Amino acid sequence: MGGVDYRCLNWSNSRLKLKIWAMRSSKWGVHFDIARLKREIEELEQTAAEPGFWDDLENSQKVLQKMKGLKTKVERYERLVSDLDDLKTLNELGMEEDDADIVPEIRDGLEKLKKEYDKLRLETLLTQPYDK
């Protein structure tokens, strides 16, 4: 996402920066492979519902731990998308009301969004088999 300095954010460029993030976010689901993660969660849930699942406690704990990790990743992705939507809405409301006091909140939100995106992206990159 690059080294963008959001400290100089103002009305004239806040909308543009949010549009850029929105365009990039349209590919996040593919980048983070959310569809695959959701399928894998479903499969693990089906496995956990099978008779005899708890007979092997070690394996059942591994399955549940993996499922929890996948759900956490999906939730973080969904929170990123939601936070971006909230920032876009806040920006639109601020522009309609001509409330420049909102600009620092948008700036802080964009900085937080970038940090969370970068963390999730790095974790995604480090989950390949050769990273273990």
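Is D33 buried, partly exposed or exposed, and what is its relative accessible area? D33 is partly exposed, at 32%, where buried means under 20% relative accessible area, exposed over 50% and partly exposed in between (1.4 Å probe, protein chains only).

The views show a predicted model, in which local features need pLDDT of at least 70, side-chain atom pairs count only at pLDDT 80 or more, and totals for chains, interfaces and linings use all residues. Residues are numbered from 1 along each chain as its sequence is written, and side-chain values use heavy atoms, with hydrogens and water left out.

**View A. Helix α3 spans residues 34-49.** Helices (H or I, at least four residues) are DSSP runs numbered from the N terminus. The expected span of a helix is 1.5 Å times one less than its number of residues.

**View B. Helix α3 has a buried side and a face turned away from it.** The buried residues of α3 are I34, L37, E40, I41 and L44. They lie on the same side of α3, because they cover an arc of only 120° around the axis; the arc is that of the directions from the helix axis to the C-beta atoms. Exposed residues Q46 and A49 are carried on the face turned away from the buried side. The cover over the buried residues includes α2 (28-31) and α4 (57-97), where contact means heavy atoms within 4.5 Å.

**View C. R36 and D33 form a salt bridge.** A salt bridge is a side-chain nitrogen of Lys or Arg within 4 Å of a carboxyl oxygen of Asp or Glu. By this rule the count comes to 11. Between R36 and D33, the N to O distance is 2.7 Å. R36 is partly exposed, at 34% relative accessibility. D33 and R36 also belong to a network of salt bridges with E40 and K66.

**View D. K38 and E78 meet in a salt bridge.** Their N to O distance is 3.5 Å. This pair links distant parts of the chain, with K38 in helix α3 and E78 in helix α4, 40 residues apart. K38 is partly exposed, with a relative accessible area of 38%, and E78 is partly exposed at 38%.

**View E. E45 and K71 meet in a salt bridge.** The N to O distance for this pair is 3.1 Å. E45 is partly exposed, at 36%, as is K71, at 33%.

Methods. Helix = DSSP H or I, 4+ residues; strand = E, 2+ residues; numbered from the N terminus.
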